[in-house]
Amino acid sequence: MLGIYAESLTRASLMQAFHSRRTFAIRGGEPLLLDVRVNGAFMGQEIRSTSPPRLSVRVQAQSPIEKIEIVRDEHYIYTRPGEGKESSFEYQDTEKGKYYYVRVWLAGGKYDWSSPVWID
């Protein structure tokens with residue numbers, strides 16, 4: 001299943017959002033809201049940064065959230081335990097990676113992950 005952030009439910013808007021990589025994957029068939037930003041840039045974007053970035057994460061799920069993980073360059077760098085069915089937090093990295101994404105683990109073995117934010 002795929003989640004996508006589009007301005008409207010028109011074909012043109014959906015295709016523009018898909019090409020901009022404003023997407024997240026859903027494994028388990030359960031609708032979910034996953035909003036990940038790096039230095040204010042939305043998931044899927046490419047940005048420039050001269051210092052370690054700040055991530056903002058927001059999750060709204062139908063099942064309880066077991067944990068949320070932040071990945072930098074193929075390595076898990078931060079894990080946060082679940083807080084019910086919703087969670088919002090910010091994370092300040094101490095290093096600068098080439099990309100970041102978030103993986104959310106839900107009750108029942110379901111998980112979701114965001115598109116990466118790419119850094120120069």
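Is Arg54 buried, partly exposed or exposed? Arg54 is partly exposed, with a relative accessible area of 37%; buried means under 20%, exposed over 50% and partly exposed in between, with a 1.4 Å probe and protein chains only.

Before going on, note that this is a predicted model, in which local features need pLDDT of at least 70, side-chain atom pairs count only at pLDDT 80 or more, and totals for chains, interfaces and linings use all residues. Residues are numbered from 1 along each chain as its sequence is written, and side-chain values use heavy atoms, with hydrogens and water left out.

**Stop 1: from Arg54 to Glu90**

A salt bridge is a side-chain nitrogen of Lys or Arg within 4 Å of a carboxyl oxygen of Asp or Glu. Arg54 lies in strand β6 and Glu90 in strand β9, so the pair ties together parts that are 36 residues apart in sequence. Strands (E, at least two residues) are DSSP runs, numbered from the N terminus. Glu90 counts as partly exposed, at 49% relative accessibility.

**Stop 2: the sheet around β6 and β9**

Select β6 (residues 54-61) and β9. Seven bridges join these antiparallel strands; two strands pair if DSSP finds at least two bridges between them. Within this pairing, Val59 stands opposite Ser87, and Arg58 stands opposite Ser88.

Now widen the view to the open sheet of four strands, which has the order β4-β3-β6-β9 and antiparallel pairing. Its edge strands are β4 (41-42) and β9, each of which pairs on one side only.

Colour β9 by face. The covered face holds Ser87, Phe89 and Tyr91, while Glu86, Ser88, Glu90 and Gln92 are on the uncovered one.

**Stop 3**

Select Tyr78 and Phe89. A search of the whole structure finds six aromatic pairs. The ring centres of Tyr78 and Phe89 are 5.8 Å apart and the planes are at 45°, so this pair is tilted. Rings of Phe, Tyr and Trp (its six-membered ring) pair if their centres lie within 6.5 Å; planes under 30 degrees apart count as stacked, over 60 as edge-to-face and the rest as tilted. Phe89 is buried, at 7% relative accessible area, whereas Tyr78 counts as partly exposed at 25%.

**Stop 4: the β10 and β11 hairpin**

Move to residues 99-106, strand β10, which pairs with β11 in the antiparallel sense over four bridges. Val104 has Asp112 in β11 as its bridge partner. Three residues lie between the strands of this hairpin, where Gly108 takes a positive phi near 85°. Four of the five residues of β11 (residues 110-114) are buried, so this strand is largely enclosed by the rest of the structure.

Next select Arg103 and Trp113. Arg103 lies over the face of Trp113, at 5.3 Å from the ring centre. A charge sits over a ring if NZ of Lys or CZ of Arg is within 6 Å of the ring centre and within 35 degrees of the ring normal.

**Stop 5: two loop residues**

Which loop holds Asn39? Asn39 is in the loop between β3 (32-38) and β4. Its phi is positive, about 50°, although Asn39 is not a glycine. Asn39 is partly exposed, at 42% relative accessible area.

Glu74 is in the loop between β7 (65-72) and β8. Glu74 has a positive phi near 75° and is a residue other than glycine. At 66% relative accessibility, Glu74 counts as exposed.

**Stop 6**

A search of the whole structure finds eight salt bridges. Select Arg48 and Asp120, whose side chains meet in one of 3.3 Å, N to O. Arg48 lies in the loop between β5 (46-47) and β6 and Asp120 in the segment after β12 (117-119), so the pair ties together parts that are 72 residues apart in sequence. Arg48 is exposed, with a relative accessible area of 72%, and Asp120 counts as partly exposed at 46%.

Finish with Glu69 and Lys67, which form a salt bridge with the closest N and O atoms 3.4 Å apart. Glu69 counts as buried at 8% relative accessibility, and Lys67 as partly exposed at 30%.
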